[in-house]
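Dear colleague,

I am passing on a structure for you to look at, and below it I have written out what was found. Please keep the sequence and the model open beside this message while you read.

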Amino acid sequence: MAGQEQGVDATDLARERAIQAAWRLRPQFAGLSDFDRLVANEFRPPAAQSAAEDAALRRLIAYAAAEIPYYRDLFAARGLTPGDIAAVADLPRLPLLDKAAIRRNAVRLRPARLPRGERLYGVFTSSGTTGQPARILHTVRSNRMFSILAQRGYRWFRFDPLGSLAFIRLASQLPRRRGQPENPDGATVYMNRWRYVGSFFETGPWLGFNVTNPVEAQIAWLRAQRPRYLATYSETLEHLCLATGGATPAASIEATMAISEQLTPSMRRRIERTFAAPVFQNYGLNEIGLVAVRCRAGRYHVHTEHCLVEVVDPSGNPVPPGRRGRIVVTALNNAAMPLIRYDTDDLAEAVGGPCPCGRTLPGFGDILGRYSRIAYLPEGTLAAVGAVRTALEEMPAELAAPLRKFQLHQDRDNRFTLRLGVVAPLPAAFAGRIRTAWGMAAGAHGWPLDIVEVAPEALVPGPGGKFQDFTSEHMPAPDDGDDGDDGDDGDDGDKGPGNATRAQGS
């Protein structure tokens, strides 16, 4: 067919190759072909995509069944041979692996020795946002994939590698030299190249600033530094928007990247409207690495060079397109501690058919939150929470000017409290609009809503340092290690490809 290359639009492929060519490899990596292979993989015909996934899975299963005591015993207990798991469609024959099982079997999930050519890198932990973290041993190869796949995301986002990239996050997640203290509030972390991908490519500068700085200081910093791109937590992006009363926080910013927290549709609309710039997302886990990147059509495409993803029901079987299910990930590159059918505790929508972006990597739809955070909520809770978020998003700027952040809490008796972090009293009309929206969404349940104004500093982050705009006493106590987000880790500085401690989503 004219304009096609093996059933894939050759124009899309040629355009992506040209964009990749604009990324100039550093001289010592001039012959590296990994990144060109990523581009080619993005446009393989679907049948070839599936065949490549199945082949990678067979290699992993053969290794795990032979060398990993946990899987060797599991196969024997189920009467399975490696040949019984010959394709991704066969994975439901194996059970899901959760964090509790990892902690119980930490030693049995490791081989007696690594395959030739593999080397240990170190231990990464889940972020532990809502419980005890799991500890995962990684290889150099597994860790190196983070930098490689991070560049894919920047390319998809159309970031200019020569532009300046700013991160606002916890000091523990900003780079520092070994033995040096964490970055103090008010100070800037400066690197002359982008963190991680700058090890491979010629890039502009990278800047870091503590999220514990007051939001007004963050805005002043952005306006002084004038970065082209900003990456920070979803809630921080929203707080920056609220603090400017509808004006752009920094006119220099051409795109933002939301990391480590769920980005709701109302948050996305507010951020893109206020920054007058698109907001992009990756999806990843410290336990695995980068898992997927969201294209402009709104689909998360899986990095099949590094992992496989299923969206499954409570029994571990695939859900049909359009239905929500749990995100389950199988890691392909970590011989030190392979995770097969790892239950992330995150919920997403299953999708089917070709993606409008033209890429053929498999994918999933919107991430809907953590199963452990919403499974036990009374019916109607999410609709009520959504009504409050939408009312706040649509609040006229003159009414919302003093608002800096907010948090909605649900107690055991279904009494809700909306705490508003403000720098001055809000007009009465503000609360009136909230109560109108609340009555329409929650009136049938008879749930009361208290509205309380507090100082912004009274609204503090939760475990793991992440702020949550909705909390509920119906959510189970954090005693099972579930966290399900795209976690974070600090590091000891820029150590080069394959040797930089990851901070997921960066």
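The protein chain has 506 residues, of which 57% are buried, where buried means under 20% relative accessible area, exposed means over 50%, and partly exposed lies in between (1.4 Å probe, protein chains only). This is a predicted model, in which local features need pLDDT of at least 70 and side-chain atom pairs count only at pLDDT 80 or more, while totals for chains, interfaces and linings use all residues. Residues are numbered from 1 along each chain as its sequence is written, and side-chain values use heavy atoms, with hydrogens and water left out.

The chain contains 13 helices and 20 strands; these are DSSP runs numbered from the N terminus, with helices (H or I) of at least four residues and strands (E) of at least two. Of the contacts in the protein chain with a separation of 6 or more, 70% are between residues 24 or more positions apart, contact meaning heavy atoms within 4.5 Å.

Aromatic rings

There are 21 aromatic pairs in the structure. Rings of Phe, Tyr and Trp (its six-membered ring) pair if their centres lie within 6.5 Å, and planes under 30 degrees apart count as stacked, over 60 as edge-to-face and the rest as tilted. Phe 35 and Phe 201 are edge-to-face, because their planes are at 70°, with the ring centres 4.7 Å apart. Phe 35 belongs to helix 2 (residues 34-41) and Phe 201 to the loop between strand 6 (189-191) and strand 7 (206-210), so this pair ties together parts that are 166 residues apart in sequence. Both Phe 35 and Phe 201 are buried.

Phe 209 and Trp 221, by contrast, form a stacked pair, with 4.6 Å from centre to centre and 5° between the planes. This pair links strand 7, which holds Phe 209, to helix 7 (residues 215-225), which holds Trp 221, and the two residues are 12 residues apart. Phe 209 counts as buried at 3% relative accessibility, and Trp 221 counts as buried at 6%.

Ring pairs also link a cluster whose members include Trp 23, Phe 35, Tyr 154, Phe 201 and Phe 280.

Helix packing

Helix 9 (residues 265-275) and helix 11 (residues 381-393) pack at an angle of about 15°, with their axes 9 Å apart. Here axes are lines fitted to C-alpha atoms, for helices over the stretch in contact, and angles run from 0 to 180 degrees between N-to-C directions. Helix 9 and helix 11 are therefore roughly parallel to each other, given that angles under 35 degrees count as roughly parallel, over 145 as roughly antiparallel, 65 to 115 as roughly perpendicular and the rest as oblique. Their contact involves Ser 266, Arg 269, Arg 270 and Arg 273 of helix 9, together with Arg 389, Thr 390, Leu 392 and Glu 393 of helix 11.

The axes of helix 7 and helix 8 (residues 234-243) come within 10 Å and cross at roughly 90°, and these two helices are therefore roughly perpendicular to each other. Among the residues that make this contact are Ile 219 and Leu 222 of helix 7 and His 239 and Leu 240 of helix 8.

Helix 1 (residues 10-21) packs against helix 2 at an angle of about 160°, with the axes 10 Å apart, which makes helix 1 roughly antiparallel to helix 2. Leu 13, Glu 16, Arg 17 and Gln 20 of helix 1 meet Phe 35, Asp 36, Val 39 and Ala 40 of helix 2.
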